[in-house]
Amino acid sequence: MRIALEARPEPSRLMAWASPLLAAAATLVAGFMLFSLLGKNPLDAFFVIFIEPVSTRYGVGELLLKASPLMLCALGLAVGYRANVWNIGAEGQLTIGAICGGGLALWLPQLNGAWLLPMMIVAGAAGGTAWAAIPAWLRTRCNANEILTSLMLVYVATLGLSYLVQGPWRDPEGFNFPQSSMFGDNALLPLLLTGTRLNVGFLLALAVIAAGWLFTARTLAGFRMRVAGLAPCAASYAGISAKRTVWIGMLVGGATAGIAGVGEVAGPIGQLLPSVSPGYGFAAIIVAFVGRLHPLGIALASLLMSLLYLGGEAAQIGLGLPSAVTRMFQGMLLFFLLAADVFIGYRLRFRRSPGAGAIPAPAQGPTR
Amino acid sequence: MIEHAITLFALTLAAGTVLVFAALGELVTEKAGVLNLGVEGMMLVGAVAAFIVADQTGHAWLGALAGTLAGAALSLIFAVLTLSLLANQVAAGLALSLFGIGLSAFTGLSHVGHVIDPIAPLALPGLSDLPVIGRLLFAHSPFVYLSLLLFALVQWFLFGTRAGLVLRAIGESPQSAHAIGHKVIAVRYGAVTFGGACAGLGGAYMALAYAPMWTEGMTAGRGWIALALVVFANWKPWRVLAGAYLFGAVTLVQFQAQAMGVDVPSQFLAMLPYAATIIVLALISRDAVAIRRNAPASLGRAFHADD
């Protein structure tokens, strides 16, 4: 007996939605196995990682708080991915957004928050957009691969932030620590739920999700992006500019990542640090895929990813496991998703291998 | 003056060799039509495996073997996903990088700060002590010679053997190669695994000789630079070699400038390799015709025999 893949006449819609769930389940099973290997009780570990962190009001606030930057970044990336524009530098665009927004907070400490916060968000979005414009320009002008250029720019952005907080923007009263001074209350996003750290940035993320849905489902530009991704040749015959597709795909991703950066420094962090994100920009790539590049799916997937982050922290404290376990599970989740995705376009066929069947093969002649 | 020049030459060679391993491996993978973006992850897993084995057993060369095998093993995940399950190569490669970064950080945590017996530079009695010539030719890390051997091997295999011709044919048109009876998927499995082994060996060289130590994310983007190098090299092995040493030299500028007391913040100097990668990539890619002529035609596309 031989197992083979056979193309389905039409992609399975059921599998398209079931595969993220399958992937999440498989990741869970892999986690169980890993924890057993490490000599931890898997059920205890499961409780510590997935249940305990969200069993309190504060925990739920943290879940939504960490989901916000993921949602923002992933939504922007998905706009590009749908059109085969591979921006993987959201982490860098987020960092530049944090620098621009945070810089404004340091520059105008006296300004009223009603003015300052919107300005910070706009500055962050502009910064992220500008950073994403570099790979977009290099791709449209020089044909340079945007995967590599956008990724290289992550390192440049991180080093830039490190320079700022160790040099010109270092807190003069910060005991020489590489960090800026704390922002005033006027530069911090108002809290949403008492007893938590959840702030209005979450509402902003939801608004962007809604806008993302409107853009893809209800605008001509969104439709063009979809066509460009599904059928590049048809798109070019229909007069859809490939360059415009690249520009929109990159810039939207940069803008939302930039906003996410502001949300971090004006939210839970409250100042500029050498690192303003525990890899949200990279995790957002996975969120975009797990969320099927669909705004609603992305919202759900970012909750799952946020839970992975919380669980990783809890594992560190409660089980003594390194926090890197989070990133391992992030990678695994995407592996399982990609594996499950094959069944959208294909199905398994069990064929009898020649010789194993009941009917004897003719001695001579074609085997098929 | 000559002393200084010789030292710089040796340091450039040492820094470039990390990239030679990873980029030559990726070159072979891409020549077979597969784009594996997981180089960074495979290098890190290679580095951590090499370091752990060297730390535990005390045999650094055993570590190098472990690193090579670990890189190959990790690349098999990618191979199964993209070749057997027809997953998107870009997404699977990204997943491999993210997974490798996490896996290496996770497994290496208890070895951070450990000191191993590194693989020492060559010391041939008589030869290595020769004035100038000795230090130019006979006193590098054994990995440097190994990487040059690998280069010769790849060049010979790809352009001097029948198997290499088949591999390149599969990279150009898997359908045609399949039609005349070549095993597309098997050859691609081989090419991906070879790429993984080379990346793992590059990581092992970093952990056992170049650094020599283990820290989280110690490759610092070299896997991605290696990917850019393959484009820069127009998929030609000798240009991979030239490009790798060029980038090796760029990474050195940082330390040299600091040693000479140039008053530029260290972060800006540290940006140089990344900025150089972007600029070089842009300049090379401008010539779209050359890229199209040299890039394997089926690069990044899945192949299914029944389609």
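The model is predicted.

**The interface**

Contacts join 46 residues of chain B to 43 residues of chain A. About 3,900 Å² is buried between the two chains. Carbon and sulfur atoms give 81% of that area.

Charge pairing is limited to one salt bridge across the interface by the rule used. Its partners are the side chains of B:Glu216 and A:Arg327, at 2.7 Å from N to O. Polar contacts between chain B and chain A number five residue pairs, both residues of each at pLDDT 80 or more.

Which helices of chain B each supply at least two residues to the side that touches chain A? They are helix 3, helix 4, helix 10 and helix 12. Helix 4 gives the most, with 13 residues. By class, the residues on this side of chain B are 33 nonpolar, eight polar and five charged.

| Helix of chain B | Residues |
|---|---|
| Helix 3 | 60–84 |
| Helix 4 | 89–108 |
| Helix 10 | 222–232 |
| Helix 12 | 266–285 |

**A:Asp171**

A:Asp171 sits in chain A, in the loop between helix 6 (146–166) and helix 7 (201–218). A salt bridge needs nitrogen and oxygen within 4 Å.

A polar atom of the A:Asp171 side chain does lie 3.0 Å from the backbone nitrogen of A:Glu173. Leaving aside residues up to four places away in sequence, A:Asp171 touches A:Gln179, A:Ser180 and A:Ser181.

Terms used:
Residues are numbered from 1 along each chain as its sequence is written. Chains are lettered from A and ligands numbered from 1 in the order in which they are written. This is a predicted model: local features need pLDDT of at least 70, side-chain atom pairs count only at pLDDT 80 or more; totals for chains, interfaces and linings use all residues. Side-chain values use heavy atoms; hydrogens and water are left out. Contact means heavy atoms within 4.5 Å. Buried area is the accessible area (1.4 Å probe) that two parts lose on being put together, summed over both. A polar contact is a pair of N or O atoms within 3.5 Å; within protein, one must be able to donate a hydrogen and the other to accept it, and residues adjacent in sequence count only if both atoms are side-chain atoms. Helices (H or I, at least four residues) and strands (E, at least two) are DSSP runs, numbered from the N terminus. Ala, Val, Leu, Ile, Met, Phe, Trp, Tyr, Cys and Pro count as nonpolar, Asp, Glu, Lys and Arg as charged, and the others, Gly among them, as polar.
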